[in-house]
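Please consider the structure shown here alongside the numbered notes below. They are written for a reader who is new to describing protein models.

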Amino acid sequence: LEDTLQCLSDRQWLSKRPLDWFVACYEYLKTLPIDEGGSQRLRACSIVPVEGRRLSCDSDQPIYLSASSDDRTFLDAVPPIVKTPVAFLRPTLRSMLEERSGLTEWLLNVLGIYSFSQPNYCVDIVNRLKREYADMDELAITSGTRFLARYCDTGSIKDLPVVLKGGSRSL
């Protein structure tokens with residue numbers, strides 16, 4: 001896996017590969033025994049062709065398989081101050097992957113690419129708030145909390161950042 005990871009860390013070289021190369025790459029990787037540490041290292045490699053003709057990885061932002069027009073309308077409703085960047089697979093790549101048995105499941109389990117849903121996106125917002133709350137504007141934390149209360153199952157959210165009276169912040 002070490003040699004493979006070294007090749008997969010060269011973003012410039014990867015950017016010149018066609019989509020069918022990535023499918024073949026995933027098929028190859030699927031045959032390897034990959035533990036949690038290997039999965040984390042693969043998630044840091046920009047080996048996922050996403051919309052906008054670019055490559056990305058789970059470390060850059062959450063990546064989803066696709067989004068319906070309703071999903072995109074929901075994303076447009078997210079206040080810009082708390083919007084969490086996400087990416088979607090290129091449609092052609094997604095179609096190619098769906099033709100291969102078990103490859104979409106492998107993407108989910110190893111690369112952390114999953115189906116878009118409002119609850120999944122709410123988790124992404126919570127994760128961003130937790131990660132950045134110490135440096136975020138108070139309005140962003142408040143807007144994020146309001147958005148989550150309106151659109152998400154807040155009963156399943158743990159350790160939501162809050163702004164206390166006087167401006168102090170807490171998880």
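1. Basis of the note. This is a predicted model, in which local features need pLDDT of at least 70 and side-chain atom pairs count only at pLDDT 80 or more, while totals for chains, interfaces and linings use all residues. Residues are numbered from 1 along each chain as its sequence is written, and side-chain values use heavy atoms, with hydrogens and water left out.

2. Overall content. The protein has nine helices and six strands; helices (H or I, at least four residues) and strands (E, at least two) are DSSP runs, numbered from the N terminus. Of its 171 residues, 40% count as buried. Here buried means under 20% relative accessible area, exposed means over 50%, and partly exposed lies in between (1.4 Å probe, protein chains only). Among the contacts in the protein with a separation of 6 or more, 66% come from residues 24 or more positions apart, where contact means heavy atoms within 4.5 Å.

3. Helices H8 and H9. Two packed helices are described by the angle between their axes and the distance between the axes. Helix H8 (residues 118-132) packs with helix H9 (residues 138-151) at an angle of about 160 degrees, and their axes are 11 Å apart. H8 is therefore roughly antiparallel to H9. The axes are lines fitted to C-alpha atoms, for helices over the stretch in contact, and angles run from 0 to 180 degrees between N-to-C directions. Angles under 35 degrees count as roughly parallel, over 145 as roughly antiparallel, 65 to 115 as roughly perpendicular, and the rest as oblique.

4. The contact of H8 with H9. H8 and H9 cross in a left-handed manner; a crossing is left-handed if the near helix is turned anticlockwise from the far one by less than a right angle, and right-handed if clockwise. On H8 the contact is made by Gln118, Cys122, Ile125, Val126 and Leu129, and on H9 by Ala140, Ile141, Gly144, Phe147, Leu148 and Tyr151. These residues comprise nine nonpolar, two polar and no charged. In this classification Ala, Val, Leu, Ile, Met, Phe, Trp, Tyr, Cys and Pro count as nonpolar, Asp, Glu, Lys and Arg as charged, and the others, Gly among them, as polar.

5. Helices H3 and H6. Helix H3 (residues 19-30) and helix H6 (residues 91-98) pack at an angle of about 40 degrees, and the distance between their axes is 10 Å. This makes H3 oblique to H6. The crossing of H3 with H6 is right-handed. Leu19, Asp20, Val23 and Tyr26 of H3 meet Thr92, Leu93, Met96 and Leu97 of H6, and by class the contact has six nonpolar, one polar and one charged residues.

6. Glutamate 27 pairs with arginine 100, with the closest N and O atoms 3.8 Å apart. Glutamate 27 lies in helix H3 and arginine 100 in the loop between H6 and helix H7 (103-111), 73 residues apart. Arginine 72 and glutamate 51 form another salt bridge (2.8 Å, N to O). Here arginine 72 is in helix H5 (residues 69-77) and glutamate 51 in the loop between strand S1 (48-50) and strand S2 (54-56), 21 residues apart.

7. Arginine 94 and glutamate 98 form a salt bridge, their closest N and O atoms being 3.7 Å apart. Both residues lie in helix H6, four residues apart, about one turn of the helix. Arginine 94 is partly exposed at 22% relative accessible area, whereas glutamate 98 is exposed at 54%.

8. Leucine 89. Is leucine 89 buried or exposed? With 1% relative accessibility, leucine 89 counts as buried. Leucine 89 is located in the loop between strand S4 (87-88) and H6. Leaving aside neighbours within four places in sequence, its contacts include Val48, Ile63, Leu97 and Ile113. The C-alpha atoms of leucine 89 and isoleucine 113 are separated by 8.9 Å, and these residues are 24 residues apart along the chain.

Note on methods:
A salt bridge is a side-chain nitrogen of Lys or Arg within 4 Å of a carboxyl oxygen of Asp or Glu.
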